[in-house]
Amino acid sequence: MAQTQVNPTRMELTRLKNKLRTAQRGHKLLKDKRDELMRQFLDLVRVNKSLREKVEASIKDCNRNFVLAKAGMNAEGLNVALMAPKQEVYLESSKKNVMSVEVPEFTYKTRTSDTNDIYSYGFAFTSSDLDGAVKSIADILPDMLRLAECEKSCQLMATEIEKTRRRVNALEHVMIPQTQESIRYITMKLDEAERSTQTRLMKVKDMMLEQAHSYSEKEDTMAEHHIEIE
Amino acid sequence: MYKIAVMGDRDSIYGFAAVGLEPFPITDADEAASKLRELADGNYAVIYITEALAAKLEKEINHYSERMLPAIILIPGISGNTGKGIQAVKRSVEQAVGSDIIFGNE
């Protein structure tokens with residue numbers, strides 16, 4: 001509905017027209033942004049889903065391997081074997097801009113380039129199952145990092161999509177109709193004022209002519225004349 | 001340069017130490033919450049949390065969902081997959097689209 005308080009002036013009308021133009025432009029842009037974000041989000045979330053399924057299945061396998069390894073040796077031995085890891089993973093995080101949403105991109109570095117450094121123990125006192133278990137975890141690490149990147153991006157994009165959608169709706173259903181209504185109100189008010197001035201002027205003109213030439217008196221005499229002739 | 005943390009019960013996470021992630025064996029909810037805050041404000045870009053522990057930390061985890069870092073990712077623990085991880089993905093679809101259109105038929 002129209003805002004209850006608008007000044008029906010030309011200045012206000014110009015202001016509102018500008019506002020409407022900006023709102024419509026903003027609405028179009030935000031709608032485009034929402035559509036594009038949504039497209040990318042859906043692509044990403046499908047990747048996210050398959051990655052997650054893969055990682056969850058692999059972690060399950062890893063856990064099974066570790067249980068086997070644990071069964072094959074005593075707890076102290078296992079603790080000692082894994083107590084001092086040789087390998088370390090460092091992450092480098094950079095930002096990627098997807099439709100004004102900043103999503104992280106991870107690249108990872110290991111401390112040593114030797115892939116065998118994941119075995120932080122001598123092979124003499126540990127079961128061979130442990131080697132397999134550790135290897136299986138090392139194998140899924142890249143996927144786990146990609147999952148982290150993907151899932152975080154999905155979360156951030158979901159939040160942004162929600163925000164954008166709200167803005168689009170607010171513009172489309174509140175802001176734009178309200179402004180249009182106000183513009184219509186002012187235009188009608190101004191037209192009405194113009195008409196009323198017009199009629200007033202016509203009336204004044206009549207009155208002034210009347211004063212100058214005193215038509216009505218003449219008419220009266222004319223009328224009398226007619227009667228006499230008849 | 002960021003590091004990666006893994007939180008959860010001991011049995012589920014000790015294997016990750018071997019490949020260079022930092023394990024934090026915690027099962028108590030309060031302790032985990034304060035540890036999570038410490039890690040998130042520290043130098044960790046990715047924090048993996050077992051689903052079992054994450055169930056107790058929902059509020060803290062949601063708190064970080066709008067920040068770019070850290071990424072808090074749920075992983076299944078040794079007790080099995082509770083489906084909470086995939087639930088989180090589902091939730092972000094629902095948030096974005098309004099209804100679930102990816103996992104609909106599962």
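**View 1. Packing of helices H1 and H3 in chain A.** Helix H1 (residues 10-72) of chain A packs against helix H3 (residues 128-213) of chain A at an angle of about 160 degrees, and their axes are 4 Å apart. Helices are DSSP runs of H or I with at least four residues, strands are runs of E with at least two, and both are numbered from the N terminus. Axes are lines fitted to C-alpha atoms, for helices over the stretch in contact, and angles run from 0 to 180 degrees between N-to-C directions. H1(A) and H3(A) are therefore roughly antiparallel to each other (an angle over 145 degrees). By class, their contact has 35 nonpolar, 15 polar and 17 charged residues. Ala, Val, Leu, Ile, Met, Phe, Trp, Tyr, Cys and Pro count as nonpolar, Asp, Glu, Lys and Arg as charged, and the others, Gly among them, as polar.

The model is predicted: local features need pLDDT of at least 70, side-chain atom pairs count only at pLDDT 80 or more, and totals for chains, interfaces and linings use all residues. Residues are numbered from 1 along each chain as its sequence is written, with chains lettered from A and ligands numbered from 1 in the order in which they are written.

**View 2. The hairpin of strands E1 and E2 in chain A.** Strands E1 (residues 89-98) and E2 (residues 101-110) of chain A pair in the antiparallel sense over ten bridges; pairing requires at least two DSSP bridges. Two residues lie between the strands of this hairpin, and Met99(A) in the turn has a positive phi of about 50 degrees. Ser93(A) stands opposite Phe106(A) in E2(A).

**View 3. The contact between chains A and B.** Chain B gives 33 residues to the contact and chain A gives 47 residues; residues are in contact if their C-beta atoms, placed from the backbone, lie within 7 Å. On the side of chain B that touches chain A, H5(B) gives the most, with seven residues.

Technical notes:
Contact = placed C-beta atoms within 7 Å. Parallel < 35°, antiparallel > 145°, perpendicular 65-115°, else oblique.
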